[in-house]
Amino acid sequence: ILPGTDRENAKSLLYKIEDAVSQYNAKLKEKARYISIAIGYGTRESLEENIRDAEKEAEEYMNKRKLLERNSYHHTILSSIMDTMYARSQETEQHAKRLANISKLIGERMNLSQEKMNELQLFAMLHDIGKVAIDDKILNKPGKLTEKEWSIMRKHSEIGYRITMASPELESIAEYILYHHERWDGKGYPSGLKGEETPLLSRILIFADAYDAMTVDRVYRKAMTKQEAIEEIRRNVGKQFDPGIFKIFNEIIQDIDF
């Protein structure tokens with residue numbers, strides 16, 4: 001519907017429409033007149049490309065944005081899933097939001113596409129969804145886990161993968177959830193992937209998750225300072241963490257106050 005329009009101009013128009021709707025909603029006093037909108041775009045850049053593929057891309061993009069639109073029905077379902085997850089474990093909504101914010105800053109610095117940025121936000125919010133199936137005694141145990149308990153806990157990434165694969169709206173982030181405990185040196189789980197075998201978004205979240213875990217008080221230990229956490233991560237670059245992403249992480253984390 002936009003002949004001669006490239007991907008960047010289509011994205012710009014999408015943002016303009018969303019901004020106009022937000023400004024309209026901000027002026028409303030009656031919630032019944034509130035407009036909830038989710039837009040997606042797909043681009044055919046040559047005549048050889050199939051227009052149906054562009055339509056499919058636009059629909060998939062729109063479905064992801066429905067999940068992120070706070071006032072949509074889809075977001076209500078997403079929030080319900082997340083509330084269940086938070087009620088079951090020590091993870092909180094604030095933790096998920098911090099992860100989403102840190103991951104977003106890294107993604108922006110890496111010039112990820114808007115589609116990948118949306119996936120990154122969803123993934124950050126739902127990366128531990130598999131914990132809904134883990135026993136409360138293991139999830140909330142204040143001390144160290146036994147080897148048997150740790151074996152059960154490690155299953156949460158595979159459970160999360162199966163849960164998200166069962167939902168068409170969440171299927172695109174399933175693989176990221178499956179691999180968000182892999183390591184750069186191949187000593188992670190569940191598959192022992194090494195280096196760039198682990199999906200990029202999973203490698204990004206590993207930084208945010210580790211940093212947030214270190215800088216928040218736990219029942220069994222006090223929080224580290226920002227610099228202590230950065231140094232601990234630095235010591236594990238090339239082992240747990242991607243060396244290339246660390247450079248970006250180290251730059252952006254200095255300006256974060258949370």
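This is a predicted model: local features need pLDDT of at least 70, side-chain atom pairs count only at pLDDT 80 or more; totals for chains, interfaces and linings use all residues.
**Entry 1: Terms and model**

**Entry 2: The whole chain**

I looked up the secondary structure and found 12 helices and zero strands in the protein chain. Helices (H or I, at least four residues) and strands (E, at least two) are DSSP runs, numbered from the N terminus. The order of elements from the N terminus is therefore written α-α-α-α-α-α-α-α-α-α-α-α.

I then recorded that 40% of the 258 residues in the protein chain are buried. The accessible surface of the chain is about 14,700 Å², and carbon and sulfur atoms account for 50% of this surface. Such areas come from the Shrake-Rupley method with a 1.4 Å probe; for residues, only the protein chains shown count as cover.

I also looked up contacts, meaning heavy atoms within 4.5 Å. Of the contacts between residues at least 6 apart in sequence, 60% join residues at least 24 apart.

**Entry 3: Helix H5**

I turned to helix H5, which covers residues 114–126 and has 13 residues. From its first C-alpha to its last, H5 reaches 18 Å, close to the 18 Å expected at 1.5 Å a residue. The expected span is 1.5 Å times one less than the number of residues.

Why is H5 largely enclosed by the rest of the structure? I found that 10 of its 13 residues are buried, so H5 is largely enclosed. Among the buried residues I listed Gln114, Asn118 and Glu119, together with Met117, Leu120 and Phe123.

**Entry 4: Salt bridges**

I counted a salt bridge where a side-chain nitrogen of Lys or Arg is within 4 Å of a carboxyl oxygen of Asp or Glu. The structure holds 14 salt bridges.

One of them joins the side chains of glutamate 45 and arginine 7, at 3.8 Å from N to O. This pair links distant parts of the chain, 38 residues apart: glutamate 45 is in the loop between helix H1 (7–26) and helix H2 (51–68), and arginine 7 is in helix H1. Glutamate 45 is exposed at 56% relative accessibility, whereas arginine 7 is partly exposed at 27%. I noted that Arg7, Glu45 and Glu57 are linked in a network of salt bridges.

A salt bridge also joins arginine 109 and glutamate 251, with the closest N and O atoms 2.7 Å apart. Arginine 109 lies in helix H4 (residues 93–109) and glutamate 251 in helix H12 (residues 243–253), and the two are 142 residues apart. Arginine 109 is partly exposed with a relative accessible area of 42%, and glutamate 251 is partly exposed with 47%.

**Entry 5: Around tyrosine 189**

Which residue has its charged end over the ring of tyrosine 189? I found arginine 154 there, 6.0 Å from the ring centre. A charge sits over a ring if NZ of Lys or CZ of Arg is within 6 Å of the ring centre and within 35 degrees of the ring normal. The side chain of arginine 154 also meets that of glutamate 147 in a salt bridge (3.7 Å, N to O). Arginine 154 is partly exposed at 23%, and glutamate 147 is exposed at 58%.

**Entry 6: Aromatic pairs**

I recorded six aromatic pairs in the structure. Rings of Phe, Tyr and Trp (its six-membered ring) pair if their centres lie within 6.5 Å; planes under 30 degrees apart count as stacked, over 60 as edge-to-face and the rest as tilted.

Tryptophan 150 and tyrosine 189 form an edge-to-face pair, 6.3 Å centre to centre with 80° between the planes. Tryptophan 150 is in helix H7 (residues 147–153), and tyrosine 189, 39 residues apart from it, is in the loop between helix H9 (174–178) and helix H10 (200–214). Tryptophan 150 is partly exposed at 35%, but tyrosine 189 is buried at 15%.

Tyrosine 211 and phenylalanine 249 also form an edge-to-face pair, at 5.9 Å and 70°. This pair links helix H10 with helix H12. Tyrosine 211 is buried at 3% relative accessibility, and phenylalanine 249 is buried at 0%. Finally, I noted that ring pairs link Phe207, Tyr211, Phe241, Phe246 and Phe249 into a cluster.

Definitions and conventions
Residues are numbered from 1 along each chain as its sequence is written. Side-chain values use heavy atoms; hydrogens and water are left out. Buried means under 20% relative accessible area, exposed over 50%, partly exposed in between (1.4 Å probe, protein chains only).
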